[in-house]
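Here's a quick look at some surface features and charge pairs. Have the sequence and the structure open as you read.

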Amino acid sequence: MQAHYAGAVPLDLPKSEQDPITQQLAMIDASLDATTATFSTLANNLHDAMDLPSNCDRLYEVASDRNRRS
């Protein structure tokens, strides 16, 4: 702002530079949110997969005939 007041920088220049930065930050936030959701899903799936061997007998009991043969 001091440069603008001194006449060295037009007022619209900082805004034109800030708009792309704001858009890029929004895209980064969206990507981060998607990554967090994906990580959460992966962590839950991994946890479920690691529980499978300890529950083989229970899984067999509740499985359909088709799944038991697979």
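A residue counts as buried under 20% relative accessible area and as exposed over 50%, with partly exposed in between. Keep those cut-offs in mind for what follows, and remember that this is a predicted model.

## Salt bridges

How many salt bridges does the structure hold? There are two.

Start with helix α3, which covers residues 56-62. Here the side chains of Arg-58 and Glu-61 form a salt bridge, at 3.7 Å from N to O. Arg-58 and Glu-61 sit three residues apart in this helix, so about one helical turn separates them. As for cover, Arg-58 has 49% relative accessibility, so it counts as partly exposed; the cut-off for exposed is over 50%.

Next comes helix α4, residues 65-69. Asp-65 and Arg-68 pair up through their side chains in a salt bridge, with 3.9 Å from N to O; the cut-off is within 4 Å. Asp-65 and Arg-68 are three residues apart in helix α4, so again about one helical turn lies between them. Arg-68 comes out as partly exposed because its relative accessibility is 34%.

## A nonpolar patch

Which residues form a nonpolar patch on the surface? They are Ile-21, Leu-25 and Ile-28, and together they have about 270 Å² of accessible area.

Leu-25 belongs to helix α2, which runs over residues 12-51. With 46% relative accessibility, Leu-25 counts as partly exposed.

How values were computed:
Residues numbered from 1 in each chain as written. Predicted model: local features only at pLDDT ≥ 70, side-chain atom pairs only at ≥ 80, totals over all residues. Heavy atoms only, no water. Patch = residues over 30% accessible without salt bridge, like charges linked within 9 Å, V, L, I, M, F, W, Y side chains within 5 Å. Areas by Shrake-Rupley, 256 points an atom, 1.4 Å probe, with all protein chains shown as cover. Helix = DSSP H or I, 4+ residues; strand = E, 2+ residues; numbered from the N terminus. Buried < 20%, exposed > 50% of the residue type's maximum accessible area, 1.4 Å probe, protein only.
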